[in-house]
Amino acid sequence: MTRILFYLEDYSHDIWRDSLLKVAPGIDFRSYPDWGTPDDGPAYAFVWEPEPGLIASYPNIRAVFSLGAGVDHLTRDPNLPPEVPIIRMGDDGLKEGMAEFVAMSVLMHHRGIPSMITKQKNKDWGRFFAKAAKDVRVGILGFGALGRVAAEALTPFGYQVAAWSRTPKNPVEDVTLHHGSDRLDDFLANTDILVGLLPSTPETQGLLDKERLSLLPEGASIINAGRGTLIDLDALKAHMESGHIASATLDVFPEEPLPSNHPLWGLDNLIITPHIAAITRPDTAAEYVVRNIARIEQGDAPENLLDANRGY
Ligand code: NDP
Ligand code: OXD
């Protein structure tokens, strides 16, 4: 019988158990801390932010399914056994959620909504006349599973959509593609609304520093829904206070929750969301996990296997 060892704090485990049992009624679902003993038999872990050392203490774990697309919540564990495969989440619910979040956020920044929220506090009727969408350049950093669905959600509005990735991609209709670190500065200089959908790796950490942020055109906006380590937040704050960056939406932060005394909380024209851009949905994730356990058991590679060298 397939055993799943589930770990998620502050959220009902029953929903996850029910979703998994609906897809595979025979599953032995074990909710943390009732994981049993490591000699109980082979198991798959399905976890979000497990306690450091927990995975290593269950040598019967054959593979770890990350409850999210990001795996930094796992790889920061110094005791994570390197030989255990890690599978990143890639369910359809996550993609739909990110497409909605990016479309909503780009529209809000294009139409000046963050500045209107700020003005409303001061009973200020100041009007904002937005450019036509066809004149707005949206640049997506990261053109993986989520960058692609974000681009697809934006092109119907008529935005000029461009995307940047590490390696070249096949052409995509209505999206201008760039790749490689030597294209980044030019990419930023030609982006009015920047969307961050990059994983956290040594190469992406601090990528948007003071100098890179200054390459964005005057009045640009930033949406970050990848990882908080991408942006130097002090530099972003300075650029927003000077007006160089007009508005931003941040869904992810280097430290989460964002500490209550953090200066960003009080910044005008900044929308803060608590890492909810795309939430893994139990029904679609259950299908994804069961499908990939079957692949592993048949000797096939699972979808979205973490490449430890790349870090995503
Ligand atoms: P993918 O692995 O499918 O895509 C990652 C993309 O980033 C790829 O296009 C990759 O390029 C690109 N990339 C990575 N490193 C670099 C680099 N150094 N330079 C240029 N491009 C780079 O990931 P997903 O699209 O599924 O997810 C992206 C991230 O979104 C996740 O890692 C996670 O951190 C975050 N996330 C946030 C959520 C939220 O709610 N806020 C929810 C889900 C995910 P290439 O294709 O060439 O390798
Ligand atoms: C993430 C997620 O990786 O929520 O951030 O999936």
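Modeller: Start with the shell around ligand 2, which divides into four nonpolar, three polar and one charged residue. Keep in mind that this is a predicted model.

Colleague: Which residues are around ligand 2?

Modeller: They are Trp 48, Gly 68, Ala 69, Gly 70, Leu 94, Arg 227, His 275 and Ala 278.

Colleague: Why is the pair of His 275 and ligand 2 called a polar contact?

Modeller: The cut-off is 3.5 Å between N or O atoms. A polar side-chain atom of His 275 lies 2.6 Å from an oxygen atom of ligand 2, so the pair qualifies.

Colleague: Which other atoms lie at such distances from oxygen atoms of ligand 2?

Modeller: A backbone N or O atom of Ala 69 lies 2.9 Å from a ligand 2 oxygen. For Arg 227, an N or O atom of the side chain is 2.8 Å from an oxygen of ligand 2. On its own, ligand 2 has 210 Å² of accessible area, and the protein covers 87% of it.

Colleague: Why is the link between Arg 227 and Asp 72 called a salt bridge?

Modeller: The rule asks for a side-chain nitrogen of Lys or Arg within 4 Å of a carboxyl oxygen of Asp or Glu.

Colleague: How many salt bridges does the rule find across the interface of domain 1 and domain 2?

Modeller: Two. The count of residue pairs in polar contact between these domains is six. On the side of domain 1 that touches domain 2, three residues are nonpolar, four polar and three charged.

Colleague: Where do the domains run?

Modeller: The assignment gives 3-91 + 280-297 for domain 1 and 93-272 for domain 2. Their C-alpha centres lie 32 Å apart. The contact takes 10 residues from domain 1 and eight from domain 2.

Colleague: How much area do domain 1 and domain 2 bury between them?

Modeller: About 680 Å², with 43% of it on carbon and sulfur atoms. In domain 1, Asp 72, Asp 91 and Arg 281 lose the most area to domain 2, together 62% of what that side buries.

Colleague: How many residues surround ligand 1, and which are closest?

Modeller: There are 28, the closest being Leu 146, Thr 167, Lys 169, Asp 251 and Tyr 312.

Conventions:
Residues are numbered from 1 along each chain as its sequence is written. Chains are lettered from A and ligands numbered from 1 in the order in which they are written. This is a predicted model: local features need pLDDT of at least 70, side-chain atom pairs count only at pLDDT 80 or more; totals for chains, interfaces and linings use all residues. Side-chain values use heavy atoms; hydrogens and water are left out. Domain bounds come from an automatic or database domain assignment. Contact means heavy atoms within 4.5 Å. Buried area is the accessible area (1.4 Å probe) that two parts lose on being put together, summed over both. A polar contact is a pair of N or O atoms within 3.5 Å; within protein, one must be able to donate a hydrogen and the other to accept it, and residues adjacent in sequence count only if both atoms are side-chain atoms. Ala, Val, Leu, Ile, Met, Phe, Trp, Tyr, Cys and Pro count as nonpolar, Asp, Glu, Lys and Arg as charged, and the others, Gly among them, as polar. A residue is near a molecule or strand if one of its heavy atoms lies within 4 Å of it. Accessible areas come from the Shrake-Rupley method with a 1.4 Å probe; for residues, only the protein chains shown count as cover.
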